[in-house]
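Here's a quick briefing to read alongside the sequence and the 3D view. Take a look at the fold before going through the points.

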Amino acid sequence: MRYMSREVTCVFIGAFALLLLCAVERLSEGQAAYESFLVAITGPWSTLGLSIVWIFAVHNAISWFNVTPKALPVQIGEGFLPGRFIVAAHYAAWILISLAVLFFAGVL
Amino acid sequence: MNERMVHLEVLRYDPQVDGEPHFQRYEVPCKEEWVVLDALNAIKESIDPTLNYRWSCHMAVCGSCGMMINGEPRLSCHAFLRDFEGVIRVEPLANFPIERDLVTVADDFIDKLKRVKPYLIPGENKPIAEGEYTQTPAQLMKYRHFSMCINCMLCYAACPQYALQPLFLGPAAITLAHRYNLDSRDGGREERQQVIATNEGVWECSFVGACSEVCPKAVDPAGALQQVKVASTLDWFREHLLPGNAK
Amino acid sequence: MAKSNKPIVWSLFAAGGTLAALLAPVLVLLFLLAAMGHVPELLAYAQLHAFAAHWLGKLFLLTVIALFLWHAAHRLRVALHDFGLRQDRLVAVAVYLVAALGTLLSVLYLARI
């Protein structure tokens, strides 16, 4: 069911969070530890794994944005703001934030 | 007039006679523009008068004729024969006990509906001399689509959480509570929150969204329930974090 | 029937969900680039260390890790229940324990930086 594919994305978000935790842990142990972490996550298997995580992260985002207008309707006068505006606003924020992060990280 | 033979496989069950439900196949000549309900009526009139099912308005406003058609919860007066191919499987509405054939026992839903107090509970009692409770069109629009529910229970048949947990209040009951909570003339929100902001109330919902998909009146119960979650969460923080608000 | 205490987990879930939706794709992308051998500037030791040394950086990392974990925990709990694992109490304790542990560990590690 579509619902299940949406819900299962959470496993990948959780897994990524644990990866971040590892990164932070290594970072706290000093340069050598952290750099060996970077080496450990380099390579074809890692690339494949992270690509899969990325796909699910995107699926998570898109499905999340699509349902948000239902939970938070905005009434304007006698009508409601059409859902697509709220969805569009989320996508806009998503793109802006992503660009900001990429810029801050030195990728752009 | 265009006619064709339609094959229906209908669930039959007479608890006083049958050990368990079984299917009966019917072949009935149908007009092109007919709905499943028309086919059932034709069967009852000229083929098998013992077939039992509910119906009334034949125009999707009374909510009586809900049943599973090819596994989907539909109103039989709203399911056009021309949209189906082959044998059409007709079963009673899922997640409810079968009373007889296609008639289900709706008591659980009615009971839950009563518990959410689906009527206006005025905040202060206005004497008649002071006039009516007025409402602007904007205030009406806030809850109007939620008031369109015809109590057909298709959403209960579609909801996988209701299937797993019969204590779940369910989409329609909670949506109707929300409809009254949003009504500017109402003052009974706190009373209803005691019923819907519980584990068997809105918190059993995991936002699958099937209820909104099957609703014939576009009520969007899924949206209503998420709104109830947001409102209940804000309530919770207010009650637990702000001093002097304990209830 | 008493009013539920579910709102606590639900608000963590909702906040985590929104944050994950907005941030996870780009953050994963940073690590994906690293995996392919193009380590972004920020992920180099010196820069990341400097980032985490600042209290804002710590706050950011802690928030992301914690909220992602809580979001995933709650969603997983519900999904497992839907999949047929009925021991909800047990599952809930297990997933929230992991999330709590993860949060605690992040605090500890970040404090060391």
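The notes below cover the model, its fold, its overall shape and its domains.

This is a predicted model, in which local features need pLDDT of at least 70, side-chain atom pairs count only at pLDDT 80 or more, and totals for chains, interfaces and linings use all residues. Residues are numbered from 1 along each chain as its sequence is written, while chains are lettered from A and ligands numbered from 1 in the order in which they are written.

**Confidence**
- Chain A has a mean pLDDT of 88, with 99% of its residues at 70 or more (pLDDT is the predictor's confidence in each residue, from 0 to 100).

**Fold**
- Chain A has five helices and two strands (DSSP runs numbered from the N terminus: H or I, at least four residues, for helices; E, at least two, for strands).
- Along the sequence of chain A, the order is α-α-α-α-β-β-α.

**Shape**
- The radius of gyration of chain A is 18 Å, whereas a compact globule of 108 residues would come in near 13 Å (taken over C-alpha atoms; the globule rule is 2.2 Å times the number of residues to the power 0.38).
- Along the principal axes, the C-alpha atoms of chain A fill a box of roughly 60 × 35 × 25 Å.

**Domains**
- Chain A is split into domain 1 (1-61) and domain 2 (72-108), with bounds from an automatic or database domain assignment.
- The centres of domain 1 and domain 2 of chain A, taken over C-alpha atoms, are 25 Å apart.
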